[in-house]
Structure formats: C-alpha cells, structure tokens
Amino acid sequence: MSLVEPAQSLSPEAAVTQSLDAPLVAIVGATGAVGVELLRCLEERDFPLSGLRLLASPRSAGQTFRFRGQELTVEALGPDSFEGVGLALFSAGSGVSKQYASLAVAAGAVVVDNSSAFRMDAAVPLVVPEVNGDAIARHKGIVANPNCVAAIATVPLWPLHQRHRIRKVIAATYQAASGAGAAAMEELRQSTAAYLAGEAFEPRVLRHPYAFNLFSHDSAMDPETGTNGEESKVMAETKRILNLPDLAMGITCVRVPVLRAHCIALTVEFAEPVTPQAVRDLLAAAPGVRVVDDAASNHYPMPVEASGQGDVLAGRIRQDSSDPSGRTVSLFVAGDQLLKGAALNAVQIAERLVGRS
C-alpha cells in the first residue's frame with residue numbers, strides 16, 4: 001500500500017486488530033514541533049505501518065513532508081479523518097484531543113495523546129515505557145504521554161526507587177524553548193538576533209524577553225499555594241507514573257534561553273543511606289539513561305549534548321551535604337523535550353501497542 005493511499009474502510013473491531021500489526025497511522029498536529037519529530041521517529045525507528053496520514057488545522061493543510069522516500073500532503077483535521085486508522089498519535093493541544101480523541105477511538109483507533117487532556121484520568125494509563133510500560137495493556141482506547149519534565153525525570157528516578165525507596169524529591173528545572181513549541185523556538189532565535197544587533201524586540205509568544213534572560217515558567221499561578229500550573233502538573237504526573245501518590249515533592253520550573261532539551265536539578269532523599277557510587281552504578285545499567293559524570297573534565301549533562309538523541313543524560317551525582325544521614329543524593333539530568341519528553345516516548349508507547357518491544 002502506498003503511504004499516502006487512503007486505507008480501505010474498516011470496522012472498529014478490524015481496526016483494533018490492525019493496530020496490533022502494521023496499522024494505518026495518523027499524526028494529529030503533524031506540522032508542529034512535536035509532530036515533525038513524531039514523523040522523524042517513525043522513520044528512523046522503522047515503525048511497522050501500512051500507511052501514514054498527516055493531519056493538522058485547515059491553515060496548515062497542503063503542506064508536504066517526505067517520509068520513506070514519498071511525499072505526504074497534510075490534510076485538514078475533521079470528524080471523518082480517522083476512517084481506517086489503527087493508531088493515532090495526537091500532538092495538537094488538549095482542546096483538539098478532547099474534541100477528536102473519542103472520535104478516533106470510536107473509529108477503531110488506539111490514541112497516544114501528547115496533551116494534558118487525559119494525563120490525570122484514572123481510566124487512562126500515563127506511561128513512560130522504561131518505568132511503567134506494563135500499564136499500556138490496561139488502555140481503553142487512549143494512552144497518555146506525560147508532561148516533558150515528568151517523562152525526563154522519571155527515567156532516572158525509577159531505577160533508583162526500585163533499589164532504594166525514594167521518600168522525597170526536590171527539583172528545579174531549566175526548560176528550553178522547545179517546551180513552548182516551534183513558535184517559541186523561533187522567538188528565541190529572532191529575539192537573540194535582535195539583541196545582538198542592538199535592536200528592539202517585542203515578545204509575542206512568551207510574556208517576557210527571552211534572549212539572555214530566564215524567568216519563572218509562565219503557566220497560571222495558584223495564588224494560594226504559589227505553585228504554577230507546570231509545577232503542579234510535573235508533581236502530580238511524576239507521582240502517578242512512579243505509583244507513589246504520597247511522595248513528598250517540591251519543584252521550581254524556570255524557562256531558560258536554550259532552543260531544545262530540558263535540564264533538571266534533582267535532590268533525592270531515600271529511605272536508607274545511599275552512596276553516589278551506588279546511584280552512578282544503578283543509572284549506568286538503567287534503560288534510557290546515559291551517565292555523563294566526568295569531574296576531571298567538568299563534563300556533565302548539557303542541553304547541547306542531550307538534543308537530538310533519546311537518552312536522559314545524568315551526572316553531577318553527589319551526596320547532599322545538608323543531610324548528614326547519607327540518605328540524600330543530588331544529581332543533574334538533561335533530556336530532549338521534543339524526543340524523550342514527547343515524540344520518542346509516544347513512539348515507544350506505539351511500539352508496545354504493536355507488540356514490537
């Protein structure tokens with residue numbers, strides 16, 4: 001079958017069966033930053049599919065992308081877009097997901113949703129495959145992809161918790177423009193060029209100047225707790241992914257002038273004394289983690305090295321000097337927000353759905 005050829009109409013039952021083999025795949029939000037990475041991940045990982053349908057808003061319809069040597073044209077998303085689709089990868093915002101995910105499921109597709117729409121729905125698995133991949137089997141048509149920070153953080157936290165129970169996590173994030181989408185990435189480029197040229201630049205995507213600046217994540221603030229929406233999401237989702245509803249956790253989320261790849265400073269308290277070397281050894285053997293911890297060269301996780309690859313880099317592993325009991329270790333991690341924090345994680349979920357891993 002040509003990748004751009006519409007699939008033959010299938011019953012919902014047939015489409016679900018198809019999704020366990022080589023489905024017709026739809027990408028919703030195909031022209032966005034994550035959508036482009038979804039397309040690239042499917043190609044680079046040789047994902048088994050019988051066809052690919054690219055969907056986006058009407059203003060993006062008609063754009064073309066290359067996939068496996070063929071040119072695919074973006075179609076306008078609509079109620080009938082999911083006929084014959086076995087797997088739908090959504091990355092177009094929670095409003096679009098709430099409107100169209102149920103239509104995709106009704107048409108017979110399994111949805112992997114990258115928005116916040118279903119992440120805290122008890123009936124929808126929230127999955128990082130290296131952590132709780134078995135939860136995928138409990139899906140009822142939708143699997144949720146986590147917040148990018150929660151996804152990146154839980155990959156190294158999980159192997160540590162499996163060996164030494166985690167009691168508390170304090171975190172500070174250094175979040176790249178990629179977390180706010182392609183428009184924010186372009187605003188960083190343009191504002192940086194204007195700054196270096198001595199020209200004025202009026203922010204349009206983010207509310208504060210971005211070039212050579214950093215600021216608190218500009219999601220809505222809860223006036224009672226002082227916690228912003230990003231911080232609340234990360235804490236709630238991290239607890240859910242790790243299945244630690246009572247985990248003590250605090251976080252400060254900050255936007256930094258980096259194009260892509262988020263970094264997180266983590267201070268982790270365990271139920272028992274743990275040495276930095278024990279943490280280093282556990283992470284070195286963990287799936288999805290690469291230890292970058294060279295003190296002699298001052299070489300630790302950096303966005304420039306995390307970008308464009310799927311591992312979470314972990315380093316700066318050291319005892320927390322504020323805890324004389326030896327139960328607390330600090331580390332610094334970096335992961336590509338567009339990949340492990342979004343597109344790659346979604347494709348890894350999809351690979352589980354088709355029985356590939």
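The legends below describe close-up views of a predicted model.

In this predicted model, local features need pLDDT of at least 70 and side-chain atom pairs count only at pLDDT 80 or more, while totals for chains, interfaces and linings use all residues. Residues are numbered from 1 along each chain as its sequence is written, and side-chain values use heavy atoms, with hydrogens and water left out.

**View 1. The crossing of helices α5 and α8.** Helix α5 (residues 148-163) and helix α8 (residues 276-284) have axes that come within 9 Å and cross at roughly 120 degrees, where axes are lines fitted to C-alpha atoms over the stretch in contact and angles run from 0 to 180 degrees between N-to-C directions. Helices (H or I, at least four residues) are DSSP runs, numbered from the N terminus. From α5 the contact (heavy atoms within 4.5 Å) involves P156, P159, L160 and R163, and from α8 it involves V279, L282 and L283. Six of these contact residues are nonpolar, none is polar and one is charged, on a scheme that counts Ala, Val, Leu, Ile, Met, Phe, Trp, Tyr, Cys and Pro as nonpolar, Asp, Glu, Lys and Arg as charged, and the others, Gly among them, as polar.

**View 2. Residues A278 of α8 and Q162 of α5.** A278 lies in helix α8 and counts as partly exposed because its relative accessibility is 25%, given that buried means under 20% relative accessible area, exposed over 50% and partly exposed in between (1.4 Å probe, protein chains only). Between A278 and P159, which are 119 residues apart in sequence, the C-alpha to C-alpha distance is 11 Å. Q162, placed in helix α5, has a relative accessibility of 54% and therefore counts as exposed; its C-alpha atom is separated by 10.0 Å from that of L242, 80 residues apart along the chain.

**View 3. The kinked helix α10.** Helix α10 (residues 339-353) has a kink of about 40 degrees centred on N345, the bend at a residue being the angle between axes fitted to the seven residues ending there and the seven starting there. Because 14 of its 15 residues are buried, α10 is largely enclosed by the rest of the structure. G355, which follows α10, has a positive phi, near 75 degrees.

**View 4. Cysteines C148 and C253.** With a disulfide taken as a pair of cysteine sulfur atoms within 2.5 Å, the count comes to zero disulfides. C148 is in no disulfide, and the nearest cysteine sulfur, that of C253, is 8.8 Å away. C148 counts as buried because its relative accessibility is 9%, and C253 is likewise buried, with a relative accessible area of 0%.

How values were computed: Helices (H or I, at least four residues) and strands (E, at least two) are DSSP runs, numbered from the N terminus.
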